[in-house]
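Please examine the structure shown here.

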Amino acid sequence: MDSNTQVTEGNSTTERAQIAGDDQLSAFDTAMDCFRQYTKERPETVALWALGIGFVLGWKLKPW
């Protein structure tokens, strides 16, 4: 089996595209890779932002 065709589960989208020979990635895939990396480095910051955004949206969009 050729080593270039093997894709492990832990590879990022960028690594998978390079292995597959794809030269261009979409902006969304690149942004998601950056967000996933940031989330792994600073999970507490991302959790606080998500909580804050959810609180504000829930407060502003309340059904009554």
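The following turns treat salt bridges and then a nonpolar patch.

Q: What kind of model is this, and how are residues numbered?
A: This is a predicted model, in which local features need pLDDT of at least 70 and side-chain atom pairs count only at pLDDT 80 or more, while totals for chains, interfaces and linings use all residues. Residues are numbered from 1 along each chain as its sequence is written, and side-chain values use heavy atoms, with hydrogens and water left out.

Q: How many salt bridges does a search of the whole structure find?
A: Side chains of opposite charge can pair when their charged atoms come close. A salt bridge is a side-chain nitrogen of Lys or Arg within 4 Å of a carboxyl oxygen of Asp or Glu. The search finds two. Asp33 and Arg36 form a salt bridge at 3.7 Å, N to O; in another, the closest N and O atoms of Glu41 and Arg42 are 3.8 Å apart.

Q: Where do Asp33 and Arg36 lie?
A: A helix is a DSSP run (H or I, at least four residues), numbered from the N terminus. Asp33 and Arg36 are three residues apart in helix H2 (residues 27-41), and therefore about one helical turn separates them.

Q: Is Asp33 buried or exposed?
A: Buried means under 20% relative accessible area, exposed over 50%, and partly exposed in between (1.4 Å probe, protein chains only). Asp33 is buried at 14%, whereas Arg36 is partly exposed at 44%.

Q: Which residues make the nonpolar surface patch?
A: Such a patch joins nonpolar side chains (Val, Leu, Ile, Met, Phe, Trp, Tyr) within 5 Å, from residues with over 30% relative accessible area and no salt bridge. Trp49, Ile53, Leu57 and Leu61 make a patch of about 480 Å². Leu57, in helix H3 (residues 43-60), is partly exposed at 47%.

Definitions and conventions: Patch = residues over 30% accessible without salt bridge, like charges linked within 9 Å, V, L, I, M, F, W, Y side chains within 5 Å. Areas by Shrake-Rupley, 256 points an atom, 1.4 Å probe, with all protein chains shown as cover. Helix = DSSP H or I, 4+ residues; strand = E, 2+ residues; numbered from the N terminus.
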